[in-house]
Amino acid sequence: MTSDVVFLLDVDNTLLDNDRIVVDLRQHLEREFGLASAERYWAIFEALRGELGYVDYLGALQRYRLDTEGGAPDEQRLLLMSSFLVDYPFAERVYPRALDAIAHLGRVGPTVILSDGDVVFQPRKVQRSGLWDAVGGRVLIYVHKEQMLDAVQRHHPAHHYVIVDDKLRILAAMKEILRERLTTVFPRQGHYAVDPVNVAQYPAADFSVERIGDLADVDVAKLIEMQSEKS
């Protein structure tokens, strides 16, 4: 069945305060395992992100293990970090009124999580945060989601889409493909969204909000209508 409109919602720094999660992880690593081990992990983490194009906390931990298997026993202690990640209270990092925004949008059309990420940690994050249930299990996680719009449309066919994402790069890439069938919404949250150098590199979104919770008060039908008139 083809919907009139489907809402595609990013996770990290859109519905969930991922910057805060990273801060908590940094503090945990330095406190429990020492600055040297923490810095080594983050160096591997950034290198892996450059290779993959998405964040992979557990993948970085796996690579750290491979790099330290022949080292001192203390170097292996960082592997205990996996329990911190797996048991992290993600529900506490959902942005204020994000669930209200999902419910509000859901009265107009299906809401779908559309995220980049690995196949283990990212789904767990979505589940433990409560976001999985909030969208009724409609969750899509890809390596590069902006390259998977054909698959997105097969899974959730619609006449029109609304994408909510804190990265203007993603919004611009999707707009280039779907054009007038897509309304882009930019929540100005997280380090990507507030970095003026990063923001200046891409076209403005169709609409911007200061916080994801602001969408709980938006007349969504009018928003789509206004965007159509602009096109």
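Modeller: Grid points are joined across faces, edges and corners, and a volume is the space filled by probe spheres set on the points. This is a predicted model, where local features need pLDDT of at least 70 and side-chain atom pairs count only at pLDDT 80 or more, but totals for chains, interfaces and linings use all residues. Residues are numbered from 1 along each chain as its sequence is written, and side-chain values use heavy atoms, with hydrogens and water left out.

Colleague: Thanks! How many cavities of 30 Å³ or more does a search of the whole structure find?
Modeller: One. The largest cavity holds about 50 Å³ of space.

Colleague: Which residues line the largest cavity?
Modeller: Its lining is made of Phe7, Leu105, Val162, Val164, Val185, Leu215, Val220 and Leu223. Two or more of the lining residues come from each of β4 (158-164) and α12 (220-230); helices (H or I, at least four residues) and strands (E, at least two) are DSSP runs, numbered from the N terminus.

Colleague: And by class, what is in that cavity lining?
Modeller: Eight nonpolar residues, no polar and no charged ones. Here Ala, Val, Leu, Ile, Met, Phe, Trp, Tyr, Cys and Pro count as nonpolar, Asp, Glu, Lys and Arg as charged, and the others, Gly among them, as polar.

Colleague: Now the open space. What volume does the largest pocket have?
Modeller: About 520 Å³. The lining has 28 residues, and Arg49, Val55, Lys167, His191 and Tyr192 are the closest to the pocket centre. By class, that lining has nine nonpolar, eight polar and 11 charged residues.

Colleague: Which elements each supply at least two residues of that lining?
Modeller: α1 (18-33), α2 (35-52), β2 (111-116), α9 (168-178) and α10 (190-194).

Colleague: Changing topic, how many helices and strands does the chain have?
Modeller: There are 12 helices and six strands. The C-alpha trace spans about 65 × 35 × 30 Å along its principal axes.

Colleague: How much of the chain counts as buried?
Modeller: Of the 231 residues, 48%, where buried means under 20% relative accessible area, exposed over 50%, and partly exposed in between (1.4 Å probe, protein chains only).

Colleague: Is Phe33 buried or exposed?
Modeller: Phe33, which lies in helix α1, counts as buried because its relative accessibility is 13%. Its C-alpha atom is 8.9 Å from that of Met81, 48 residues apart along the chain.

Colleague: Where is Val94 found?
Modeller: Val94 is in the loop between α4 (81-86) and α5 (98-106). With 14% relative accessibility, Val94 counts as buried too.

Colleague: What is Val94 in contact with, neighbours within four places in sequence aside?
Modeller: Leu15, Leu16, Leu99, Ser129 and Leu131, with contact meaning heavy atoms within 4.5 Å.

Colleague: Last one: which residues of helix α6 are buried?
Modeller: In α6 (residues 121-128) they are Phe121, Gln122, Pro123, Lys125 and Val126. After α6 comes Gly130, with a positive phi near 90 degrees.

How values were computed. 1 Å grid on protein atoms, 1.4 Å probe; cavity = no way out; pocket = protein on both sides within 12 Å on 5 of 7 lines; lining within 4 Å.
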